[in-house]
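Please look over the chain shown below before reading on. The briefing that follows takes its features topic by topic.

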Amino acid sequence: MVLWHPPAAEGPSGQGNSSSKGFNGLPLNNHENENASSQMQRRSPYAEAADIIANLVQRNIRCLAFVSARKVADTVARDVKQLLAKVSRTDLVSKVDSYRAGYNQTERRALERRLQRGEISALVCTSALEMGIDVGALDATV
């Protein structure tokens, strides 16, 4: 188990002057300066989750990522796809999807089958993912 605390970034835009860069190119701040300014902000945990999921997908690590709301599930899945496209891994974009309330039963079963068959590497889901379904082999949960 890993607990992650998003790195601090300077300024109201969340982008500082640090030379360290995250996966998606956003600047990171040094921890020693973290308490130095009341302007410090943290990146969104959803942006961090998208980075982590994109990294896992690129390494063929199958995962589920749980989020709190439908809109967030769709947004994080979209962000992961954009990150993969940004690093020229468009071959992996179709292996990322979301699972949430609002899908009809046919759509849900189709996603579950794709997950079981290994056609999906990352599924960003809400609690709508039913307990007890066979999700196949998974390597990580975000």
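**A charge over a ring, and the overall build**

The charged end of Arg100 lies over the ring of Tyr103, at 4.3 Å from the ring centre; such a placement requires NZ of Lys or CZ of Arg within 6 Å of the ring centre and within 35 degrees of the ring normal. This is a predicted model, in which local features need pLDDT of at least 70 and side-chain atom pairs count only at pLDDT 80 or more, while totals for chains, interfaces and linings use all residues. Residues are numbered from 1 along each chain as its sequence is written, and side-chain values use heavy atoms, with hydrogens and water left out.

**Fold and surface**

- The chain holds 3 helices and 6 strands, these being DSSP runs numbered from the N terminus (helices H or I, at least four residues; strands E, at least two).
- In sequence order, these elements give the pattern β-β-α-β-α-β-α-β-β.
- The chain has 142 residues, of which 39% count as buried, where buried means under 20% relative accessible area, exposed over 50% and partly exposed in between (1.4 Å probe, protein chains only).
- Among contacts between residues at least 6 apart in sequence, 64% join residues at least 24 apart, a contact being heavy atoms within 4.5 Å.
- The chain exposes about 8300 Å², with carbon and sulfur atoms supplying 50% of it; accessible areas come from the Shrake-Rupley method with a 1.4 Å probe, and for residues only the protein chains shown count as cover.

**Helix H2**

- Helix H2 covers residues 70-86, and its 17 residues should span 24 Å at 1.5 Å a residue, which agrees with the 24 Å between its end C-alpha atoms; the expected span is 1.5 Å times one less than the number of residues.
- The buried residues in H2 are Val72, Ala73, Val76, Ala77, Val80, Leu83 and Leu84.
- Seen down the axis of H2, these buried residues fall within an arc of 130°, so they line one face of the helix; the arc is that of the directions from the helix axis to the C-beta atoms.
- Helix H1 (45-58), strand S4 (96-99) and strand S5 (122-125) are the elements against which the buried residues of H2 pack.
- On the face of H2 turned away from its buried side are the exposed residues Lys71 and Lys86.

**Gln41 in strand S2**

- Gln41 belongs to strand S2 (residues 41-42) and is partly exposed, with a relative accessible area of 34%.
- Although Gln41 and Pro6 are 35 residues apart in sequence, their C-alpha atoms are 9.5 Å apart in space.
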